[in-house]
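Subject: Handover of a structure and notes on its features

Dear colleague,

Please find the structure below, together with its sequence. My notes on what was found in it follow, arranged by topic.

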Amino acid sequence: MTNPSLLILPGDGIGPEVMAEVRKIIDWYGAKRGLVFDVSEDLVGGCAYDKHGTPLHDDTMAKAQEVDAVLLGAVGGPQYDNLDFSVKPERGLLRLRKEMDLFSNLRPAQCFDALADFSSLKKDVVAGLDIMIVRELTSGVYFGEPRGIFKEGNERVGINTQRYTESEIARVARSAFDLAMKRGKKLCSMEKANVMESGILWREVVTEVSKEYPEVELSHMYADAGAMQLTRWPKQFDVIVTDNLFGDLLSDLAAMLTGSLGMLPSASLGAPMANGRPKALYEPVHGSAPDIAGQGKANPIACILSFAMALRYSFDQGDEAARLEAAIEKVLADGLRTADLMGPEGGTPVSTSGMGDAIIAALDASL
Ligand code: IPM
Ligand code: MG
């Protein structure tokens, strides 16, 4: 049997630093759990632009289509701000999502006990929080046509189009219902059906799909009210399903409930491949944080948790994913803190690699 394959795209900014810690974890699973991956590495984002003049080389795109899972760090940086839109680092990431057809983006927001004090919200509002946002990732206003900046009379007009087909809504809804079945059997769908036709269709299709899942309790909320409810009492939610743009906003909001953007992983999943595994890309929710890049300050946990999601969703290793999550929980409970987690209550400061090493030690202790 051949080993499962991973393509690692560290990207820009803190991407390579946090990914170096993931490499240690991958090696640990190979050495200690017999879970050996065939790992290859390539460029995406600004570093790919610097080398090839494009944020994603066609060869890299082709590799991404072939492997069992892609792990991505982060893309972007101020030195690329003035590049033409078509070659900006973000276009590399968006091309991967689009061409791999990764329509279902899972963004968990989970509050680790040790960090409950760290949220900007009161502790009882966030302690024990465990919700999952399912964001549609390959359509909507991110990709709708027409788009562009056009001349209209003597001024310019910027246009983007929110567009959803029934099948696009139905497939992401099904992925959210499937997840809800494995969790608390509660799904809240968010759109703006009060002002957008695409929102009316979204609500209709989600309601239609819900008939296939009679056990799941479905509710609907306008996305603005959803944002308000997420800050007021987030524990009312289990799974949330929403479109590409609302999902972008709401997942950043949900991330911050947990105290740090440096903690949250994501999985972007598409249709099953011939081997039964879904097309998949795993990446932290945080960005490339150019202001702290190269200083050993970045928190590698979001990226490591993204690998845990890969173990769970691509490789059917839910127990090993739980082992890794428990190891992270343990080092946080022990008081280890990267700079972003250093709150008023203090803790033991650790560097990016110090955090990775501590997680390895906790994994060793779990055997
Ligand atoms: C995200 C990011 C991306 C998005 C950017 C980097 C293109 O904000 O993954 O949430 O807007 O989808
Ligand atoms: Mg975002």
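P108 has M132, in strand β5, as its bridge partner. That pairing belongs to the contact between β4 and β5, two strands that run antiparallel and are joined by 7 bridges. Please note that the model is a predicted one. On another side of the pairing scheme, β5 meets β10 in the parallel sense, over 4 bridges. There R135 stands opposite T242 of β10. Strand β5 is largely enclosed by the rest of the structure, because 6 of its 7 residues are buried.

S5 has D38 in β2 as its bridge partner.

Helices on the sheet

Ligand 1

Which residues are around ligand 1? They are E90, R97, R107, R135, Y142 and D248. R135, the residue opposite T242 in the strand pairing, has a side-chain N or O atom 2.8 Å from an oxygen atom of the ligand. For the side chain of Y142, the separation between an N or O atom and an oxygen atom of ligand 1 is 2.5 Å. The side chain of D248 likewise places an N or O atom 2.8 Å from an oxygen atom of ligand 1.

Cysteines

How many disulfides does the structure hold? The number is 0. For C303, the closest cysteine sulfur is that of C47, at 14 Å, which is too far for a bond; the cut-off for a disulfide is a sulfur pair within 2.5 Å. C303 is buried, with a relative accessible area of 4%. C188 is buried as well, at 3% relative accessible area.

The loop that holds T54

T54 lies in the loop between α2 (46–52) and α3 (58–66). Is this residue buried or partly exposed? With a relative accessibility of 25%, T54 counts as partly exposed. Leaving aside residues up to four places away in sequence, T54 touches A48 and Y49. The C-alpha atoms of T54 and P89 are separated by 8.3 Å, although the two residues are 35 residues apart along the chain.

Backbone geometry

Most residues other than glycine have a negative phi, and most peptide bonds are trans.

- The peptide bond from E145 to P146 is cis, with omega near 0°. P146 is found in strand β6, residues 144–152.
- K185 is not a glycine, yet its phi is positive, at about 55°. The residue lies in the loop between α6 (166–182) and β8, and K185 counts as partly exposed at 29% relative accessibility.
- D316, also not a glycine, has a positive phi of about 55°. This residue is found in the loop between α10 and α11 (318–333). At 73% relative accessibility, D316 counts as exposed.

With kind regards

Note on methods
Residues numbered from 1 in each chain as written. Chains lettered and ligands numbered in written order. Predicted model: local features only at pLDDT ≥ 70, side-chain atom pairs only at ≥ 80, totals over all residues. Heavy atoms only, no water. Buried < 20%, exposed > 50% of the residue type's maximum accessible area, 1.4 Å probe, protein only. Pairing = 2+ DSSP bridges. Near = heavy atom within 4 Å. Polar contact = N/O pair within 3.5 Å; in protein donor to acceptor, adjacent residues only side chain to side chain. Contact = heavy atoms within 4.5 Å.
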